[in-house]
Amino acid sequence: MGSNQCEDEKPIHKVTIESFCIGKYEITVKEYKTFCNATNRQMPSWEPIGGWIDTHPMANLTFDDAVVFCKWLSDLTKVEYRLPTEAEWEYAARGGNISKGYLYSGSDNVDEVAVYGHNSGGQTHKVGSKKPNELGLYDMSGNVWEWCYDIYSATYYSESPNFNPKGPSIGNYHVLRGGAWGMNAWDCRVTSRYESGPDYRNRNRGFRIVSNNK
């Protein structure tokens with residue numbers, strides 16, 4: 001986990017995590033609409049360019065929005081869903097135990113796997129429109145930043161436990177991973193880290209879900 005390319009990605013360290021399942025795609029507009037309709041919740045007022053398109057990743061979401069969605073889905077299905085830890089996210093983005101060590105999730109060529117600033121046309125694209133990574137996961141580089149459950153700390157890697165790390169216990173910001181449609185290739189690397197307040201809303205932020213249930 002980590003890299004030598006940015007201070008908050010240092011040091012490179014080994015991590016062991018328990019088995020988990022992770023969404024093949026980012027949560028889509030259609031899926032989030034279903035949640036809003038079921039809970040009488042309003043869609044975010046700031047729509048993406050082109051409006052809400054069902055097959056695109058849901059964007060303009062806060063950390064708190066993502067957590068509430070996971071709770072609703074868990075109650076509905078009787079299966080526990082949640083946001084990934086940062087370690088789970090990076091493990092999946094790297095391709096898990098069949099990783100080929102790519103810079104981006106599934107390739108060293110960012111255009112093959114990511115919707116980002118150079119090729120997005122200023123908006124999200126349909127989920128799964130780019131090449132998947134080694135595990136068959138789409139858009140872990142690009143399209144929208146993905147919220148992780150961990151609290152962010154620039155120095156956490158120097159003190160992280162080597163089994164199931166879950167981030168610092170206190171802090172004001174949460175981790176975002178993967179880059180987005182308006183970002184550069186650097187932000188789409190599998191090791192790139194970003195942070196934001198849990199109630200901050202932006203058109204380039206979404207999420208995908210995980211579960212420990214098989």
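**Packing of the helices and the overall fold**

The buried residues of helix H1 pack against helix H2, which covers residues 63–77. In this model, which is predicted, helix H1 runs over residues 29–39, and its buried residues are Val29, Tyr32, Phe35 and Cys36. When the helix is viewed down its axis, these buried residues of H1 fall within an arc of 120°, and they therefore line one face of the helix. Lys30, Asn37 and Ala38, by contrast, are exposed on the other side of H1. Just after the end of H1 comes Asn40, whose phi is positive, at about 55°.

Helix H3 presents another case. Of the nine residues in this helix, which spans residues 86–94, seven are buried, so H3 is largely enclosed by the rest of the structure. The buried residues are Glu86, Ala87, Glu88, Trp89, Glu90, Ala92 and Ala93, where "buried" stands for a relative accessible area under 20%. Which elements do the buried residues of H3 pack against? They pack against five strands, namely S1 (21–22), S2 (145–151), S3 (174–177), S4 (193–196) and S6 (210–211). Just after H3, Gly95 takes a positive phi, here of about 105°.

Read from the N terminus on, the elements follow the order β-α-α-α-α-β-β-β-β-β. The radius of gyration of the chain is 16 Å, close to the 17 Å that the globule rule gives for 214 residues, and the chain is therefore as compact as a globular protein of that length. Along its principal axes, the C-alpha trace spans about 45 × 35 × 35 Å.

As for burial, 52% of the 214 residues of the chain count as buried.

The surface and the charges remain to be described. The accessible surface of the chain comes to about 10100 Å², and 50% of this surface belongs to carbon and sulfur atoms. The chain carries 23 positive and 26 negative side chains, and the centres of these two sets lie 4 Å apart.

Note on methods: Residues numbered from 1 in each chain as written. Predicted model: local features only at pLDDT ≥ 70, side-chain atom pairs only at ≥ 80, totals over all residues. Heavy atoms only, no water. Helix = DSSP H or I, 4+ residues; strand = E, 2+ residues; numbered from the N terminus. Rg over C-alpha atoms; globule rule 2.2 N^0.38 Å. Buried < 20%, exposed > 50% of the residue type's maximum accessible area, 1.4 Å probe, protein only. Areas by Shrake-Rupley, 256 points an atom, 1.4 Å probe, with all protein chains shown as cover. Lys, Arg positive; Asp, Glu negative; His and termini not counted. Charge placed at Lys NZ, Arg CZ, Asp CG, Glu CD. Arc of directions from axis to C-beta. Contact = heavy atoms within 4.5 Å.
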